[in-house]
Amino acid sequence: SPSHVWGTNLNMAAGYNNNANCQLTTQLFYFNNAINAKISFWMKRQVQTGDGCWLEYSIDNGTTWTVLGIQNDPNAINWYNGTYGGHDCWTGNANNWIKLSYKLTQFNPPFIGNVRFRFNFGSNTGTVAAGFFIDDFQIFKPFQADAGIDSVYTPNVPDAAGYPGHVKVRLNNFSSSILTSCPISYQIGNQAPVTETWTGLL
């Protein structure tokens with residue numbers, strides 16, 4: 001949202017503390033016939049090596065918790081890039097806001113019940129940094145047809161006028177059905193938008 005964000009320490013210029021052990025816990029979400037529901041949020045972070053943040057869920061109102069996902073998880077986008085305390089986590093820097101998502105297939109039918117989620121952040125006794133920040137947390141059911149660009153590979157630096165560069169992006173299928181074609185548009189400066197049609201199997 002424009003003027004609100006969750007963070008490790010919004011009131012301290014130096015960032016989080018040594019030996020931090022922080023949690024941000026959600027309300028209960030009721031899952032009933034929630035086929036391939038997704039969790040998504042935006043994230044920005046400056047986290048030192050040896051520190052990290054991860055997301056957990058509980059189906060018994062917080063009595064026990066399970067880490068959600070792993071590195072290179074096929075159900076996830078931009079999920080975990082390091083380890084902390086024996087499990088995967090987000091660490092290092094992401095100086096620009098990036099969007100993360102996870103397909104919650106473990107709560108597909110026949111599962112029915114309440115689920116609570118919890119962000120955890122931990123640090124060691126070494127150097128600290130600004131911390132971990134999230135925004136626009138949501139859980140939703142995918143549309144029948146929905147796709148979008150989640151990464152831009154090139155250009156990744158400004159090019160001189162007239163430079164014969166190429167545009168390379170990653171198209172992601174956010175829907176609940178197979179995608180075989182999709183229009184993709186881009187615009188350079190004040191020039192007319194250019195639209196290409198991707199075809200394939202996604």
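A contact here means heavy atoms within 4.5 Å. By that criterion, 72% of the protein's contacts with a separation of 6 or more are between residues 24 or more positions apart. The model on screen is predicted.

**Whole chain**

Start with everything selected and coloured by secondary structure. The protein has 15 strands and 0 helices. Its C-alpha atoms fill a box of roughly 55 × 45 × 30 Å along the principal axes. Of the 202 residues, 35% are buried. Then colour by charge.

**Cysteines**

Cys53 is buried, at 2% relative accessible area. Now move to Cys182, which is also buried, at 12%.

**Ser123**

Next, select Ser123, in the loop that runs between strand E10 (112–122) and strand E11 (131–140). Is Ser123 buried or exposed? With a relative accessible area of 4%, Ser123 is buried. Show what surrounds the residue, leaving aside neighbours within four places in sequence: Ser123 is in contact with Tyr16, Asn17, Asn18, Asn19 and Ala20, and also with Asp51 and Tyr84. Zoom in on Ala20. Its backbone nitrogen lies 2.7 Å from a polar atom of the Ser123 side chain.

**Gln71**

Go to the loop between strand E5 (66–67) and strand E6 (76–77), where Gln71 sits. Gln71 is partly exposed, with a relative accessible area of 28%. Beyond four places in sequence, its contacts are Trp79, Tyr80, Asn81, Gly82, Thr83 and Asp88. Pick out Gly82 from that group: a polar atom of the Gln71 side chain is 3.1 Å from the Gly82 backbone oxygen. Tyr30 is 41 residues from Gln71 along the chain, and their C-alpha atoms are separated by 27 Å.

**Backbone geometry**

Most residues other than glycine have a negative phi, and most peptide bonds are trans.

- Select Pro109 and Pro110. A cis peptide bond joins these two prolines, with omega at about 20 degrees. Pro110 belongs to the loop between strand E9 (92–103) and E10.
- Select Asn33, in the loop between strand E2 (21–32) and strand E3 (38–47). The phi of Asn33 is positive, near 60 degrees. Asn33 is partly exposed, at 45% relative accessibility.
- Select Asn78, in the loop between E6 and strand E7 (82–84). Asn78 has a positive phi as well, near 60 degrees. Its relative accessible area is 33%, which means that Asn78 is partly exposed.

Terms used:
Residues are numbered from 1 along each chain as its sequence is written. This is a predicted model: local features need pLDDT of at least 70, side-chain atom pairs count only at pLDDT 80 or more; totals for chains, interfaces and linings use all residues. Side-chain values use heavy atoms; hydrogens and water are left out. Buried means under 20% relative accessible area, exposed over 50%, partly exposed in between (1.4 Å probe, protein chains only). Helices (H or I, at least four residues) and strands (E, at least two) are DSSP runs, numbered from the N terminus. A polar contact is a pair of N or O atoms within 3.5 Å; within protein, one must be able to donate a hydrogen and the other to accept it, and residues adjacent in sequence count only if both atoms are side-chain atoms.
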